Amino acid sequence: MKDMLCKDAKLLLSDYLDQSLDRATTEDVRAHLKSCKDCRVMLDGMKNVVGLVQDQGFLSPPAGFSERLQSKLGSVGLAVKDAHEIQIGISEGTVPLGSHLIYFWQSNAEFEAGVRFLYPGLGGDEHCIIFGHDEALEHVQEVMRSNGYDPEHLISERKITILRRHAPAQQTIGEIGAAIEKALADGARLVRFLGNLGIGLAPLPAGEEDVLELETNATALMQSLPCVIVCMYDIRTVPGRLLFKGVLETHSLSVCSNGIKPNPFYSPVHEHSGSHHVN
Amino acid sequence: MDLFGAQINLIHERKDAMSTSVPRRDELDSNDVTGKRSSTPEGFLALLRLHENNLYKAAWALCDRADSIEHLVERTVLSLWYERSRSSLDQPFRRCLAGKLIDAARITRVSLSASFDADTAEAREARELSSELSARVHHAMQTLTWDCREIFVLRDLMGFTAVECAEVLRITHVQAKQLLSDARLGMAKKLSTPVSSAAIGGGL
C-alpha cells in the first residue's frame, strides 16, 4: 500500500464512489481517506450530490406534464408513422423521410427544375419551407408564379414558410427547427425544406465554416423529424473548398434530372459535429 | 448546517422509510425491448410512461430555461418515434431515448430564442414548484462544461454506467470517467459553498 497524495486521490474519488477501482487502488484511496479530512469531505460532498439527484423525490415534473406529452404525441407525432417516403419532384423517384439531398444547378432551367421539389407537397397536408438568401427566395417565388402557384396565398394559408438566411448556423438551425415544429403543430403531416445556400449578392452571414456547421446540424435535425431537405447550390459561385467540405461531405444523397443517387463523398454526422464544447 | 446539508438528511431519512414505489433499474431494463412492442403507438407510449419522470429530470438538468424543458422532452420523444417508425431500434429503448435527448439538447441549446412557445402557464407553474434546493443544484450544473453536464445527467440522473455514457456521447470509456470525475468534483465544490439568493435567481 502506498501513500497517496491528495491531488491523486481526488482524481480517483469518483471511481471509488462507483466501486470501479481495482483492489489495490481501492485500498490506497481508503487509507488516504482515513487520514485526510479534505478528501473525506469531498467524497461526502460527491455522495450527497449523487444521492440527492438520484432521489425520486428530488424533482417531480409539474402537474399535467404526462398528459400534455401524451396528448402532443397522439395528435402530432405518432400519426406520421405511415409516411415513410415522398416523391422528390425534381426527377422520378422517392426518398425516405429524414433525407438530406444536394442539387447542383447552373442554368435557369435547372433552377426551375429544383423548385419542382416543392410541388408534390403543395395543396395537400404537407408544409414547405423555402430558405436562402434574398435573391434566391425571390427567384423561387417567381418560378412558382410562372408555374401557376400563388406564393402569397400559400403563405397566408400557412402552406409555405419563407426563412431568410441572415444569421450564423446555430441561430439558423434553431429557426429552422422551430419553423418545422410549428408546421407540424399546425397539422402538417411532413415538411419539405428547400434551401439555397450558395453565395448571393450579400456575403455569407458567418463565412464558409459556418455553412459546414449549418449543413452538419441540418442533417442531424432532419434525422429526427418527418422532413426532407433539398439544398440547391449554384455551382458557378460556390468556392471549391465549401463545395467539398460543406456540401459533398454533408449530404448523403444527390438528385439531378437523371434521378436520385447516393453521394459517395458523404461523411456521417458524428464525424463532423464539434460535440465537445467548453464553457 | 446549511439548507443543502439539511435537505440531504431529510432525503436519507425518507429513503429509509420509503417503500419501493418506482421502477428499479432492472425492471426498467426488462421493459427495454427493441422488438415489436415499441413499434406500435400504444407500445411506444407504454414504454415511454416508464421513463417520463427521469426524462423530465434529465431535460431539466440540460435546459437553462424552465419554458424549454417540455419542448426538449417533446422533441426527444418525437425524434425517437420517427426513427422507430422507420427502422428497428438497435439498442434498448432507454438508451436510445438518452441519445436523442443529448442530440436534441445540443441542437436546441442556443436556439431557444427562436422557439414559438410563449411563457406558458405550465412553465410558470414549473418555476413556482422548484425549491431553492433544486435551484442550487441547477445553478451548480450550469457552471459545469457542457461535456461534464451531459455525462452527469446520463450517469447520475439517468443511471447509465460509465461504459453506456461513453457510447451515448461517442467518447472513450477513459474520457467518460474523467469527465464524470470532473463533473462530480465540480458539483460537490459548488454545493459546498453558500450561494446568495440573487445568484440562484437564474436557475430553475
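How high is the mean pLDDT of chain B, and what share of its residues reach 70 or more? The mean is 73, and 60% of the residues in chain B reach 70 or more; pLDDT is the predictor's confidence in each residue, from 0 to 100. This is a predicted model, where local features need pLDDT of at least 70, side-chain atom pairs count only at pLDDT 80 or more, and totals for chains, interfaces and linings use all residues. Residues are numbered from 1 along each chain as its sequence is written, chains are lettered from A and ligands numbered from 1 in the order in which they are written, and side-chain values use heavy atoms, with hydrogens and water left out.

**Confidence**

- The model as a whole scores ipTM 0.72 and pTM 0.64.
- In chain B, confidence is highest in helix α8 (residues 146–157), at a mean of 94, and lowest in helix α2 (residues 25–30), at 49.
- The pLDDT is below 50 over residues 15–24 of chain B, a stretch with five contacts in the model beyond near neighbours in sequence; a contact means heavy atoms within 4.5 Å.
- Residues 195–203 of chain B also have pLDDT under 50, and the model gives them twelve contacts beyond four places in sequence.

**The two chains**

- Chain A has ten helices and nine strands, while chain B has ten helices and zero strands. Here helices (H or I, at least four residues) and strands (E, at least two) are DSSP runs, numbered from the N terminus.
- Of the 279 residues in chain A, 51% are buried; in chain B, the buried share is 53% of 204 residues. Buried means under 20% relative accessible area, exposed over 50%, and partly exposed in between (1.4 Å probe, protein chains only).
- Chain A exposes about 12,600 Å², with 51% supplied by carbon and sulfur atoms. For chain B the accessible surface is about 8,800 Å², and 52% of that belongs to carbon and sulfur atoms. These areas come from the Shrake-Rupley method with a 1.4 Å probe; for residues, only the protein chains shown count as cover.

**Where helices of A and B meet**

- Helix α1 (residues 6–17) of chain A packs against helix α10 (residues 173–192) of chain B at an angle of about 100°, with the axes 9 Å apart. Axes are lines fitted to C-alpha atoms, for helices over the stretch in contact, and angles run from 0 to 180 degrees between N-to-C directions.
- That angle makes α1(A) roughly perpendicular to α10(B), a label for angles of 65 to 115 degrees.
- Residues of α1(A) in this contact include Leu11(A) and Asp15(A), and those of α10(B) include Leu180(B) and Arg184(B).
- By class, this contact has four nonpolar, two polar and four charged residues. Ala, Val, Leu, Ile, Met, Phe, Trp, Tyr, Cys and Pro count as nonpolar, Asp, Glu, Lys and Arg as charged, and the others, Gly among them, as polar.

**Residues to look up**

- Glu74(B) sits in helix α4 (residues 69–86) of chain B and is buried, at 15% relative accessible area. Not counting residues up to four places away in sequence, Glu74(B) touches Leu69(A) and Lys72(A).
- Most residues other than glycine have a negative phi.
- Gln19(A), which is not a glycine, has a positive phi of about 55°. Gln19(A) lies in the loop between α1 and α2 (23–35) of chain A and is exposed, with a relative accessible area of 72%.
- Arg170(B) also has a positive phi, near 60°. Arg170(B) is in the loop between α9 (162–169) and α10 of chain B and counts as partly exposed, at 45% relative accessibility.

How values were computed: Angles under 35 degrees count as roughly parallel, over 145 as roughly antiparallel, 65 to 115 as roughly perpendicular and the rest as oblique.
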